[in-house]
Amino acid sequence: MNPKIKTINGPVVIANNARDLTVREMVSVGELKLIGEVISLEGQEATIQVYEDTSGLKVNEDVIPTGRPLSVRLGPGMLGNMFDGIQRPLRNIMDKNGAFIPSGIGFENLDTEKLWDVKIVVKKGDKIKRGDIYATIKETETIEHRLMASVDGEVIDALPDSTYRLEDTIVKIQTEKKVVEEKLYQYWPVRNPRPVMANLPIEKLFETGQRVLDVFFPLAKGGTVAIPGGFGTGKTMLQHQLAQYSDVDIIIYIGCGERGNEMTQVLEEFPDLIDPNTGKGLMERTILIANTSNMPVAAREASIYTGITMAEYFRDMGYDVALMADSSSRWAEALREISGRLEEIPAEEGYPAYLGSRLSQFYERAGYFRNLNGSYGSVTLIGAVSPSGGDFSEPVTENTRRCVNVFLGLDRKLAYSRHYPAINWLTSYSNYIEKIRSYYEERLGRDIIGVRNELMNVLLEEDEVRSIMMLVGEDALSNSQKNILDVSGLIRNGFLQQNAYNDIDKYVPLEKQVKMLDIIYNYYIKSKEALKSGLSHKAIYDSNLINEITQMKYNIKNDELDKFIELNSKINGHFVSIKEG
């Protein structure tokens with residue numbers, strides 16, 4: 001006898017006679033056949049989290065078990081597609097049902113009728129291990145989809161290269177107990193991390209083309225990043241910049257509880273974006289997961305697990321993947337709502353006591369790995385946080401801070417003064433600076449961390465000088481303090497501030513970034529030496545030179561690095577002339 005619905009409380013359903021259900025099992029709820037997941041069992045009663053609108057459900061309707069946990073189907077057809085939080089393709093749903101998602105449509109995830117050109121890379125008699133590649137598909141012009149074995153055994157049958165559908169069996173593997181039929185896809189439980197051979201040290205820069213990130217607060221491939229900021233500080237736009245210009249193979253963008261108009265903007269802009277690395281459309285290597293604020297909260301809670309499972313799948317193929325979650329605050333709000341309906345004891349600000357552990361379970365799935373098939377891949381997690389009123393002491397931001405190694409605090413004052421990216425250099429930090437020091441040395445032939453640290457100290461000194469200036473006025477400052485304001489202005493306006501609407505400045509290669517850093521550092525050293533020799537600030541200050549250094553980001557193109565030699569010579573000549581004069 002199937003379990004029966006006993007009570008309905010929003011997305012939470014209690015079913016009795018549930019002795020045969022298991023925790024985390026996926027079930028079909030009621031005559032509407034809504035998708036649900038068993039989250040707890042107590043005696044004969046099961047608590048079920050339903051991922052669809054429960055309007056129309058009735059007491060005493062059946063709950064049908066499926067025998068497997070909440071899973072996603074992993075196979076060709078994911079790239080360039082857009083899903084909701086439980087992997088239902090939104091474009092297909094819109095074509096069939098209009099602008100609203102009807103209840104009870106089940107799992108319509110990947111297109112089972114499309115024919116794919118499949119190249120079989122194993123033959124009968126081959127020994128195969130879990131994770132080994134048995135076939136490849138050219139899914140897009142830039143990404144090769146690699147189908148991986150789910151078991152260890154011996155290949156007893158392999159079809160020839162041809163066109164096949166998702167459900168076609170193309171390889172059969174004999175294990176110790178049974179014959180396993182491998183198709184063009186596999187299912188994987190979203191809450192279970194996919195296995196790896198080894199978790200490797202993080203030591204490669206996650207290049208973004210954004211100077212404030214690549215030099216001052218570097219991200220690392222396989223790292224974890226939090227971007228907290230209040231409304232209007234540019235969290236979403238910064239993630240868009242990272243999606244377009246970062247040097248990774250696959251982008252997965254999760255709109256988790258965002259407003260519908262923001263997701264509409266993403267869906268309109270992403271198809272038009274060009275990948276600067278390949279010249280092809282960005283959607284060829286992108287998966288969008290949209291779960292807006294008016295969609296069921298339970299599906300919103302599941303969306304980040306759906307996204308990270310897809311990311312791990314492509315990582316296992318040997319790709320570098322970046323996952324953008326926008327925003328984890330909305331995900332935490334869904335967690336809080338479900339927790340309240342389960343009548344759990346609330347913790348700080350009503351969030352459940354397990355908020356921190358859930359966040360850490362998510363972020364710990366990032367890393368740089370050696371996969372089961374011997375390839376290497378990474379998953380970089382970048383989570384936006386939307387604290388109410390920009391208060392970084394609220395629970396989601398604080399718990400996220402404990403889980404991540406890069407904290408990019410966005411500042412409303414910087415955003416309103418048109419300083420983008422609006423990353424506050426006094427509240428932000430990166431724990432990867434020392435870990436990727438050797439990467440800078442190999443890539444650039446020198447250590448730039450020392451220069452970065454000295455200019456960072458200038459920004460910290462500027463904060464103190466401005467506090468003094470508020471009390472005594474600018475005229476009362478010493479020569480060295482006035483020079484600190486000059487140099488910090490060069491760092492802020494000439495280096496950290498970047499114009500996303502300028503063709504030269506929207507993306508800057510690392511080599512040019514370091515040349516710009518050297519120019520500012522050279523001015524800083526020469527000006528300090530001049531002041532120590534007894535010259536006044538008024539004597540060394542040249543507004544035209546300061547302006548030329550500030551404008552170098554626009555005036556020197558990304559492939560004209562030789563012009564930095566001329567600018568350096570001009571700085572040196574300026575200080576020689578004032579000493580002689």
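Mentor: Before we start, contact here means heavy atoms within 4.5 Å. Also, this is a predicted model.

Trainee: OK. Which residues is Asn 371 in contact with, leaving aside neighbours within four places in sequence?

Mentor: Asn 371 is in contact with Val 196, Met 197, Arg 315, Asp 316, Gly 318, Tyr 376 and Gly 377, once those sequence neighbours are left aside.

Trainee: And is Asn 371 buried or exposed?

Mentor: Asn 371 has a relative accessible area of 0%, so it is buried. The cut-off for buried is under 20%.

Trainee: Where is Asn 371 found?

Mentor: In the loop between strand 23 (367–370) and strand 24 (376–385).

Trainee: Switching to the whole chain. What does the domain assignment give?

Mentor: The assignment has domain 1 at 4–69, domain 2 at 111–184, domain 3 at 198–432 and domain 4 at 446–580.

Trainee: How many Å separate the centres of domain 2 and domain 4?

Mentor: Taken over C-alpha atoms, those two centres are 58 Å apart.

Trainee: What about the largest nonpolar core, which residues touch the most other members?

Mentor: That core has 83 residues, and the ones touching the most other members are Phe 216, Leu 408, Ile 491, Ile 520, Tyr 523, Ile 549 and Met 552. Helix 13 (residues 510–532) gives the most to this core, ten residues.

Trainee: Which domains give residues to this core?

Mentor: Domain 3 (198–432) and domain 4 (446–580) both do, so the core lies between them. There is also a second, separate core of 78 residues, with Met 148, Ile 173, Ile 252 and Ile 287 among them.

Trainee: Back to Met 552. What does Met 552 touch?

Mentor: Not counting residues up to four places away in sequence, Met 552 touches Lys 512, Met 516, Ile 519, Ile 520, Phe 564 and Leu 567.

Trainee: Now the helices. At what angle do helix 12 and helix 13 pack?

Mentor: Helix 12 (residues 479–496) and helix 13 pack at about 170 degrees, and their axes are 10 Å apart. That angle makes the two helices roughly antiparallel, because anything over 145 degrees counts that way.

Trainee: Which residues meet there, helix 12 to helix 13?

Mentor: On the helix 12 side, the set includes Ile 484, Val 487, Leu 490, Ile 491 and Phe 495. On the helix 13 side, Met 516, Leu 517, Ile 520, Tyr 523 and Leu 531 are among them.

Trainee: How many residues of each class are in the contact of helix 12 with helix 13?

Mentor: Eleven are nonpolar, six polar and one charged.

Trainee: Changing topic to the backbone. Which peptide bond from Asp 326 is cis?

Mentor: The one to Ser 327, with omega near 5 degrees. Ser 327 sits in the loop between strand 22 (320–326) and helix 6 (328–341). The bond from Tyr 420 to Pro 421 is cis too, with omega near -10 degrees. Pro 421 is in the loop between helix 9 (412–416) and strand 26 (429–430).

Trainee: And what is phi of Arg 24 near?

Mentor: Near 75 degrees, which is positive although Arg 24 is not a glycine. Arg 24 lies in the loop between strand 2 (12–16) and strand 3 (25–29). Its relative accessibility is 30%, so Arg 24 counts as partly exposed.

Trainee: Where is Lys 33 found?

Mentor: In the loop between strand 3 and strand 4 (34–42). Phi of Lys 33 is also positive, near 55 degrees. With 56% relative accessibility, Lys 33 counts as exposed.

Conventions:
Residues numbered from 1 in each chain as written. Predicted model: local features only at pLDDT ≥ 70, side-chain atom pairs only at ≥ 80, totals over all residues. Heavy atoms only, no water. Core = buried A, V, L, I, M, F, W, Y, C linked by side-chain atoms within 4.5 Å. Buried < 20%, exposed > 50% of the residue type's maximum accessible area, 1.4 Å probe, protein only. Helix = DSSP H or I, 4+ residues; strand = E, 2+ residues; numbered from the N terminus. Domains from an automatic or database assignment. Axes fitted to C-alpha atoms, helices over the stretch in contact; angles between N-to-C directions. Parallel < 35°, antiparallel > 145°, perpendicular 65-115°, else oblique. Nonpolar A, V, L, I, M, F, W, Y, C, P; charged D, E, K, R; others polar.
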